[in-house]
Amino acid sequence: MRLGIFGGTFDPVHYGHLLLAESCREQCRLDAVWFMPAAAPPHKIGRAVSDAATRIELLQLAIGGHEAFSVSRLEVDRGGVSYTVDTLAAIQAEQPEAELFLLMGADTLEDLPNWREPRRILELATPAVVHRAGSPAPRFEAIAELISPERLKIAQQSQVEMPALGISSTDIRQRAAAGRSLRYLTPRAVEKCIEARGLYRG
Ligand code: ATP
Ligand code: MG
């Protein structure tokens, strides 16, 4: 089984995330994509992140009905700062037969060398690097020294194309705080839940 892991804060999930996941599922022929909300994302310490239960609930509303998509509680249940290397190692130990893909944007590829144990990450999973239309193409040179030439080639062949959607969770939170419309930025059920609970009102 070809399993895609898509990590993020998802505070809240939006159509940019969903289209990225679906583009990877289709183009990398993934059998499943696990959305992996971070407990405490290493790069977002300092900002108050919504509680995990809320982020998971919004994710479940967003992916409802997609048979290949699910939400994993692995990082949330582990707690503490979420490191991708720990997550991939845990998944590999549980499902040794699965071929793992790590979904990421071209910008994240540049940052990957600064993550904890990048070499090990690239051994455990093939990066499925998403190129957004109109943005610079992924620079695989960024990881060339951290991966074997054979695996680098596989990573390059796994590049995924997607249309650009200029949507971010930050923008959605700011809009919610200002009482502005969230329609068509995230699935209706997510939008309704944010509104009903008064999330991100500040
Ligand atoms: P924030 O604004 O709080 O940083 P975000 O919208 O960037 O949130 P994250 O949870 O940080 O969402 O993103 C998880 C992953 O999704 C990241 O790898 C990010 O590059 C990717 N991503 C976020 N927004 C988009 C988008 N509009 N199109 C494609 N990928 C996206
Ligand atoms: Mg972000």
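Colleague: Which residue in E6 is the bridge partner of Arg 132?
Modeller: Met 162 is the partner there. This is a predicted model, so you know: local features need pLDDT of at least 70, side-chain atom pairs count only at pLDDT 80 or more, and totals for chains, interfaces and linings use all residues. Residues are numbered from 1 along each chain as its sequence is written, chains are lettered from A and ligands numbered from 1 in the order written, and side-chain values use heavy atoms, leaving out hydrogens and water.

Colleague: How many bridges join E5 to E6?
Modeller: Three, and the two strands run parallel; E5 covers residues 126-132 and E6 residues 160-162. Strands are DSSP runs of E with at least two residues, helices are H or I runs of at least four, and both are numbered from the N terminus. Two strands pair if DSSP finds at least two bridges between them.

Colleague: And how many bridges join E4 to E5?
Modeller: Five, again parallel. Leu 102 has Pro 127 in E5 as its bridge partner, and Leu 103 stands opposite Ala 128.

Colleague: What about E1 and E4, in which sense do they pair?
Modeller: Parallel, over four bridges, with E1 at residues 2-8. Leu 3, for one, is bridged to Leu 100 in E4.

Colleague: Why is E4 largely enclosed by the rest of the structure?
Modeller: Because six of the seven residues in E4 (99-105) are buried. Buried means under 20% relative accessible area, exposed is over 50%, and partly exposed is in between, with a 1.4 Å probe and protein chains only. E5 is largely enclosed too, since six of its seven residues are buried.

Colleague: OK, new topic. Which residues come nearest to ligand 1?
Modeller: Lys 44, Leu 165, Ile 167, Ser 169 and Thr 170, out of 19 residues around the ligand. A residue makes that list if one of its heavy atoms lies within 4 Å. E1, helix H1 (15-27) and helix H8 (169-177) each supply at least two residues of the shell.

Colleague: Where does an oxygen atom of ligand 1 come 2.7 Å from a polar backbone atom?
Modeller: At Ser 169. The backbone of Thr 9 has a polar atom 2.9 Å from a ligand 1 oxygen, and an N or O atom in the Arg 173 side chain is 3.1 Å from one. Taken alone, ligand 1 exposes 590 Å², and the protein buries 85% of that; the areas are Shrake-Rupley values with a 1.4 Å probe.

Colleague: Is Phe 10 buried or exposed?
Modeller: Buried, at 2% relative accessibility. Glu 117 also has a positive phi of about 50°, but that residue is partly exposed at 40%. You'll find Glu 117 in the loop between helix H5 (106-111) and helix H6 (118-124).

Colleague: Last one: where does Ser 72 lie?
Modeller: In the loop between strand E3 (69-71) and helix H3 (74-78). Ser 72 is buried, with a relative accessible area of 10%.

Methods. A polar contact is a pair of N or O atoms within 3.5 Å; within protein, one must be able to donate a hydrogen and the other to accept it, and residues adjacent in sequence count only if both atoms are side-chain atoms.
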